[in-house]
Amino acid sequence: MVAYAFALALLLFAQHHTDGAQPSEFRSIVDLTHTINAQVPTYELAAHSPYQAETVATIDKDKYFARNISLPEHFGTHLDAPAHFARGLWTVEQIPAERLVAPLAVIDVSGNVKANGDYQISVEDIARWEQNHGQIPLGAVVMVRTGWDSRWDSITSYRNADAQGTMHFPGYSLESARFLVEGRKVVGLGIDTLSIDYGPSKDFEVHQYTLAHSLYHLENVANLEHAPVSGGLVVVAPMKLEGGSGSPVRILALAR
């Protein structure tokens, strides 16, 4: 009996060890987040950055390092909660956690944007993506790669304002957003520009529509050229701000 028990224990241990040694389901992780600092481009032009970092303790003096940070909710790579445009809907901390981990689809329209800085993503762009990769999974987060983040290090170029102060950068069309909401039941939209709506927008019609349907937005997304175009997973991790209309966010794309 002792020998039998010992042999059984060895078998169970070997099986457990084999399972634990299995390779990960994902081959790489891509950080889709810009670093936060005082050089971050902002939607509203300001003489000074709204980001402030004050050192309150140093290792040399206090044996530990700490800072006080001040910044807007909608700063850098950030999330818009539904409450940003729709009264009574989810604030940041109310967004269900299961909506923050989702299938990822990345639509590349950077070629169109080179010819038109005010390009609006169309239903045809989505249809072409689906012809190559299959239907966008229900409950996905859709990211649009416009190539605009190549301008990130220049506030002037990234905002791209004309002489009248109107900004020019690409965004979603209302028709494409409506198709993704109603036809594909997406939970979030992302883009590598300052806004889901294109630069010249005056009424933020895409914000108005999608946030009212309880989506969240991811703006100023980085590194989409390295993200999996299809078949990947996205992890969206905003600060859990009580009553927040938005929050800086860390976004990770997991490639299978």
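**Salt bridges and a core in a predicted model**

I start with E130 and R184, whose side chains meet in a salt bridge at 2.8 Å, N to O; the term takes a side-chain nitrogen of Lys or Arg within 4 Å of a carboxyl oxygen of Asp or Glu. E130 sits in helix 4 and R184 in helix 6, 54 residues apart, with helices being DSSP runs of H or I, at least four residues, and strands runs of E, at least two, numbered from the N terminus. E130 counts as buried at 16% relative accessibility, and R184 does at 12%. Buried means under 20% relative accessible area, exposed over 50%, partly exposed in between, with a 1.4 Å probe and protein chains only.

On sources: this is a predicted model, where local features need pLDDT of at least 70, side-chain atom pairs count only at pLDDT 80 or more, and totals for chains, interfaces and linings use all residues. Residues are numbered from 1 along each chain as its sequence is written, and side-chain values use heavy atoms, leaving out hydrogens and water.

Helix 4 also holds D125 and R128, 3 residues apart, so about one helical turn separates them. Their side chains form a salt bridge at 2.6 Å, N to O. D125 is buried at 5%, while R128 is partly exposed at 43%.

Next, the core. The largest nonpolar core has 33 residues; such a core joins buried Ala, Val, Leu, Ile, Met, Phe, Trp, Tyr and Cys residues through side-chain atoms within 4.5 Å. Helix 6 gives the largest share, 4 residues. Y172 is among the residues with the most contacts inside this core.
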